[in-house]
Amino acid sequence: MPTAPPPQFPAGFRWGVSTSAYQIEGAVAEDGRGTSIWDTFAHSPGRVADGSTGDVACDHYHRHREDVALLAGLGVTAYRFSVAWPRIQPAGTGPANPAGLDFYDRLVDDLLAAGVDPVATLYHWDLPQPLEDAGGWLARDTAERFAAYADLVAARLGDRVKLWITLNEPFVHMSLGYGTGEHAPGRTLLFDAFPVAHHQLLGHGLAVAALRARTAGPVAIANNYSPVRVLGDTDADRAAGAAYEALHNRLFTDPLLGRGYPGGTLADPSVVRDGDLATIAAPIDVLGVNYYNPTGVRAPAEGSPLPFELAPVEGYPRTAFDWPVAPDGLRELLGWLRGTYGDALPPVEITESGCAYDDRPGPDGRVHDPERIAYLDGHLRAVRAALDDGVDVRGYFVWSLLDNWEWAEGFTKRFGLVHVDYATQARTPKSSYAWLRDTIAATRGEPAR
């Protein structure tokens, strides 16, 4: 357990936890919900490590009030959830499904009654399957459809949602979903997936306009970032690092902040039309930063189709995902953003930060996860250090509230502050839940419980 007092944060600093719809909701065939690309992918043999699906997940659709009570007990000031596009538009087009909007309406009201700000992500990878059948994010029309969907959600929830996030991790969705096929929809296009990047960013820009027309709430995007560690001292290694930096960290940030696409990202000029870059660069109020680990990069082997090779970053403890636990990488990343974009960088919130461990109840029935406590303590101190360095960081969201269905890993990876028994759906707060509760209270001058 950490022994030093927790770092202090400015008044109004946003303390939150994050989840996503397909990973926790279940109820995939209830109340008019349509099929998403993840429903299709998870039901395809061999796609998910343990053969599971998100059909039930954490049954949050039926248990959301129990989960809101957990949020209230934790003392967070915000809850970041995602809206399932197929619940709102089962076919990805047309009028809203009333029952789908009703669920999120209840969730938002229950959060506000519990003193927790609703933070809504419009897209966390669950594209309606009919839109994928029509081309998915390779098709420009999907960007237009996304803006229409954003309008429907904002029309219903825009008076109460406290922060809107358009897209979650468009780089990951492009690279794993369309580049390598490890995620839904399972396409393997490598660099031919660039139109997915452009159409997601265009959809973001169009959605910003739709949200601005419906609500005065602030608008953001949540990007996944990873500081690049060049493993080698040759010009080829450094060139590989620069290529990966452009792809992972700059491709979805330079255009947002008015710089256009960075060189070396193989932008296909045929998909970029007049006016698109201006649409993408519509001002945002917050840049969401999802951080998990640095990435090791070196020169590729001869004949590789990629201009870089990824390699492990050594010298750190590892999570159950075999990711290095590197809080210094978060401070480094925040400094890189501030140094790279200067005054163009909007205020930052850490919209995801977390770790997977093999957490199980002990003989006493409790779930002890000291590794997660150490992880959170280190990363909060990194945020405090970044603030001291002059980076405008205004919030920190832990991934995740609940153990959940972890995409292609199924139920094999546990990220939650709360343990979920997937057979019974019993929720058991872990020791990290109590630690974070007390840490949040300490920043407010409240007594620990």
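# Salt bridges, core and pocket of a predicted model

R65 counts as exposed, because its relative accessibility is 51%. The terms rest on relative accessible area, found with a 1.4 Å probe on protein chains only: buried is under 20%, exposed is over 50%, and partly exposed lies in between. The model is predicted, so local features need pLDDT of at least 70 and side-chain atom pairs count only at pLDDT 80 or more, whereas totals for chains, interfaces and linings use all residues. Residues are numbered from 1 along each chain as its sequence is written, and side-chain values use heavy atoms, with hydrogens and water left out.

## Salt bridges

Side chains of opposite charge can pair when their charged atoms come close. A salt bridge here is a side-chain nitrogen of Lys or Arg within 4 Å of a carboxyl oxygen of Asp or Glu. The count by this rule is 38 salt bridges.

One of them joins the side chains of D110 and R65, with 3.0 Å from N to O. This pair connects distant parts of the chain, since D110 belongs to helix α5 (residues 98-113) and R65 to helix α3 (residues 60-74), 45 residues apart. Helices (H or I, at least four residues) and strands (E, at least two) are DSSP runs, numbered from the N terminus.

A salt bridge is also formed by the side chains of D109 and R160, at 2.8 Å from N to O. Here too distant parts of the chain are linked: D109 is in helix α5, while R160 is in the loop between α7 (140-157) and β4 (163-168), 51 residues apart. R160 has a further partner in D159, and the side chains of these two residues meet at 3.0 Å from N to O.

| Residue | Relative accessibility | Class |
|---|---|---|
| D110 | 19% | buried |
| D109 | 35% | partly exposed |
| R160 | 14% | buried |
| D159 | 62% | exposed |

Through shared partners, salt bridges join D102, D105, D109, R156, D159 and R160 into one network.

## Nonpolar cores

A nonpolar core is a set of buried Ala, Val, Leu, Ile, Met, Phe, Trp, Tyr and Cys residues joined through side-chain atoms within 4.5 Å. The largest core holds 128 residues, and Y104 and W164 touch the most other members. Leaving aside residues up to four places away in sequence, Y104 touches A21, E25, F81, S82, V83, A84, R87, I88 and L157; contact means heavy atoms within 4.5 Å.

## The largest pocket and helix α8

A pocket is an open set of points on a 1 Å grid over the protein atoms alone, where a 1.4 Å probe fits, with protein on both sides within 12 Å along at least five of seven lines; lining residues have an atom within 4 Å of a point. In the largest pocket, 48 residues form the lining, and those nearest its centre are F171, S175, L176, Y244 and L310. Two or more lining residues come from each of α8 (170-179), β5 (219-225), α10 (235-250), β8 (295-298) and β9 (309-311). Of these elements, α8 gives the most, with six residues.

How many of the residues of α8 are buried? Nine of the 10 are buried, so α8 is largely enclosed by the rest of the structure. The buried residues are P170, F171, V172, H173, M174, S175, G177, Y178 and G179. Just after α8, G181 has a positive phi of about 80°.

## Backbone features

Most residues other than glycine have a negative phi, and most peptide bonds are trans. A27 is not a glycine, yet its phi is positive, at about 50°. A27 lies in the loop between α1 (21-24) and α2 (37-42), and it counts as buried because its relative accessibility is 7%. D59, also not a glycine, has a positive phi of about 55°. This residue occurs in the loop between α2 and α3 and is buried, with a relative accessible area of 15%.

Where do cis peptide bonds occur? One joins A184 and P185, with omega of about 10°, and P185 sits in the loop between α8 and α9 (194-214). Another joins W399 and S400, with omega of about 10°; S400 sits in the loop between β11 (393-399) and β12 (418-420).
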